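Student: I would like to learn how to read a model like this one. Could we go through it feature by feature?

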Number of protein chains: 2
Amino acid sequence: MLTDRKQKILKAIVEGYIQTGEPVGSKTLLSETGIDVSPATVRNDMADLTTRGYLFQPHTSAGRAPSQKGMRYYVDNLMSPVTPPERVRDYIDAKLSAAADTPEQLLREAAKLLSDYTGYAAVTTTPPSGDARVHRLHFIGTGRHTVMVVLVTSSGMVRSKLFRSNFVVTNEVLEILRETLNKALSGVPLSQINKPFMQTVAASFTELFLVIPQALTAIMEIAASAQVVQLCLSGETKLLFAPEVDPVTSRGILGFLSDTEQVAKLLLSQKSSLCAYLGTECRRAELLTAAVICARYEIEGTTAGAVALFGPGRMDFADAMGAVNYISQSVGDLLSEMVDL
Amino acid sequence: MLTDRKQKILKAIVEGYIQTGEPVGSKTLLSETGIDVSPATVRNDMADLTTRGYLFQPHTSAGRAPSQKGMRYYVDNLMSPVTPPERVRDYIDAKLSAAADTPEQLLREAAKLLSDYTGYAAVTTTPPSGDARVHRLHFIGTGRHTVMVVLVTSSGMVRSKLFRSNFVVTNEVLEILRETLNKALSGVPLSQINKPFMQTVAASFTELFLVIPQALTAIMEIAASAQVVQLCLSGETKLLFAPEVDPVTSRGILGFLSDTEQVAKLLLSQKSSLCAYLGTECRRAELLTAAVICARYEIEGTTAGAVALFGPGRMDFADAMGAVNYISQSVGDLLSEMVDL
DNA sequence: GTTAGCACTCGCAATGTTAGAGTGCTAATC
DNA sequence: GATTAGCACTCTAACATTGCGAGTGCTAAC
């Protein structure tokens, strides 16, 4: 479709634009690449690339900048992700292993590492819960009137919450809670733990009617939170201070990121293991001038959560995609080792 | 010190400036207030206020804007906090009571409410742990190789963390952990739970040497986290979209807020129950053009954590201080009710 | 197909101009 | 002595003008 030289020119323009943020002219292009033709030839090719929609001119006397289509072509055909150098990989591996107590903790660390390495905002999500069920409920007295309930799901996820009881919590109360509620709820899918269901449960335990409502409410809340993917954000404010990120873009990204649900939806809608969304491809007004790189990590071969990077439209895709890819793989590997119940 | 009329003029200028963000001239001042003198008189007074440092002129042909000293005078002498209207108070009370399961949850809700009401970034801190001690440790098996440890402190705080064990976790293991570690650590001040101390503890439990290190590390981490005040932030991104907040200020605030320790230090350094920091008064370069309103809440009569609001230097101090004050009082009341062990 | 040459376009920055808001000062007035 | 009217003055923001330079497209030659 594109001749060899035109590809080279497009590549040079994209990389120049990524570096400087300015449209690239025919002369500067030649001085910074090994292409050995005259400026006029380059101009002819650039004119052609422009009419075909890969480039655009902000105005007549400016150089050319890649359009979204040009960027897309570059990402798809002219570059490949660059895996971080060995010492970075070693550092990442060490930090991730050290954080591999909990999936949540691991994912938080992964987001932090990704953001620190790239300088942009990183997001990781916990694996979607799928059709997890209640495995076991634990109850701990943490005060005279407070109880901690711990939910362990069939997928090994652990969630806890405190609730208050109207009367003093004794060991017997805890024992009864444990016994009755495990009997009633073990094996029940999380998705089924809603208000109507819980009301029928409550109806069958008249003896403890003074604690049961609070306990059931708490369980309902943690079941709900265990079903929703959790987001770990890191480095959002870096965007505001990075000179290569224009204020509109960073505001847009920060605005977008503050809506958790929307972010989760975007990241988990993607099938392929590693991909980049450019500008309008996200179909979100806030991200028109931004770029998102997203990779799904796999737990034991099955697609699970996502690792993503939010940055300016002109970020260094080779490095960024390499980093996202490497971290998502590592996260997947570590989580696979962690599976255990 | 200042004549009645000069106070009125200063007040009018401050309020005008808060509203519009523009320096106020002598004419506009007269048309928007009930002061019944000629512009020339106002100008004389303004000139005097300027030489005394309460006002300043950005340039010769501009009106006057309050200097930091002027703002300080306004806050100290010319206005008083305005408690939110009844329906807002009712709404806040309802939301806060509903969240009063855990101090953390309550404080998160408080930050959210404060930010939603004012439109700026709100921060709350948990109460400093003081000289809390280990009250009790609980251990729950949450997987074949994972254990959850729950620390209840003498002040009633609850912290939990998961850790991994190299071999299968049985009920006997949990029982031994519970018994031995409670014996060893109950009553020990959190501040004492550091590496050297834990190593001496570890040395005395040779029988469980395969789990103990992980357990002790986990306990060390939650003890550390229980000693540090936790911050709840809310509405940071609102600053970026509020037209009355200039970008420099919002960037500064966001940058400042991303350093947790520094924020905690600032908020907890303050003694008086309600106060405002203007510009340089925070002694932080990032906050030069910002204003911070901070109130300490009290638990059973003792100063504890803080509720704070970060906004532009020209925010509406009457409303903002009223809101911070009301919420900090409510939080204190609810937390006082919650004390219980 | 490639190149040299040249006229042309257009944004940007520097400069000039103007209108208006707001001031400070002085002298008159209350 | 405080207040006021009047007036000349200052300074910015907004707009128009200009020149420069980067970069182009086109044409004719290679």
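Tutor: Start with strand pairing: two strands pair if DSSP finds at least two bridges between them. Keep in mind that this is a predicted model.

Student: In what order do the 5 strands of the open sheet in chain B run?

Tutor: The order is β7-β3-β10-β9-β8 in chain B, and the pairing is antiparallel. At the edges of this sheet are β7 (231-234) and β8 (274-278) of chain B, each of which pairs on one side only. From one strand to the next, the twist averages 20°.

Student: How many bridges join β3 to β7 in chain B?

Tutor: Strand β3 of chain B, residues 121-125, is joined to β7(B) by 4 bridges, and the two run antiparallel. For a position to look at, take Thr124(B), which stands opposite Cys232(B) in β7(B).

Student: Which strands does helix α12 of chain B lie across?

Tutor: Helix α12 of chain B, residues 260-268, lies across β3, β7, β8, β9 (290-299) and β10 (302-312) of chain B. Its direction is at about 115° to β10(B). Helix α13 of chain B, residues 317-338, lies across β8, β9 and β10 of chain B, and runs at about 25° to β9(B).

Student: Now helix against helix. At what angle do α1 and α4 of chain B pack?

Tutor: Angles of 65 to 115 degrees count as roughly perpendicular. Helix α1 (residues 4-20) and helix α4 (residues 68-78) of chain B pack at about 110°, with their axes 10 Å apart. That angle makes α1(B) roughly perpendicular to α4(B). The crossing of α1(B) past α4(B) is left-handed.

Student: Which residues meet there?

Tutor: From α1(B), the residues include Leu10(B), Val14(B), Tyr17(B) and Ile18(B). Those they meet in α4(B) include Met71(B), Tyr73(B), Tyr74(B) and Leu78(B).

Student: How is chain A divided into domains?

Tutor: Chain A has domain 1 (4-78), domain 2 (86-128 + 229-339) and domain 3 (134-226). The centres of domain 2 and domain 3 of chain A, taken over C-alpha atoms, are separated by 34 Å.

Student: Last, the two chains. What rotation superposes chain A on chain B?

Tutor: In general, two copies of a chain are related by a rotation about an axis and a shift along it. Here a rotation of 180° with 0.0 Å of shift along its axis superposes chain A on chain B, with an RMSD of 0.1 Å. The two copies are therefore related as by a two-fold rotation axis. Both copies use the same surface: 100% of the contact residues of chain A recur in chain B.

Key:
Residues numbered from 1 in each chain as written. Chains lettered and ligands numbered in written order. Predicted model: local features only at pLDDT ≥ 70, side-chain atom pairs only at ≥ 80, totals over all residues. Heavy atoms only, no water. Least-squares fit on C-alpha atoms with pLDDT ≥ 70 in both. Contact = heavy atoms within 4.5 Å. Axes fitted to C-alpha atoms, helices over the stretch in contact; angles between N-to-C directions. Domains from an automatic or database assignment. Parallel < 35°, antiparallel > 145°, perpendicular 65-115°, else oblique. Left-handed = near helix turned anticlockwise from the far one by under 90°.
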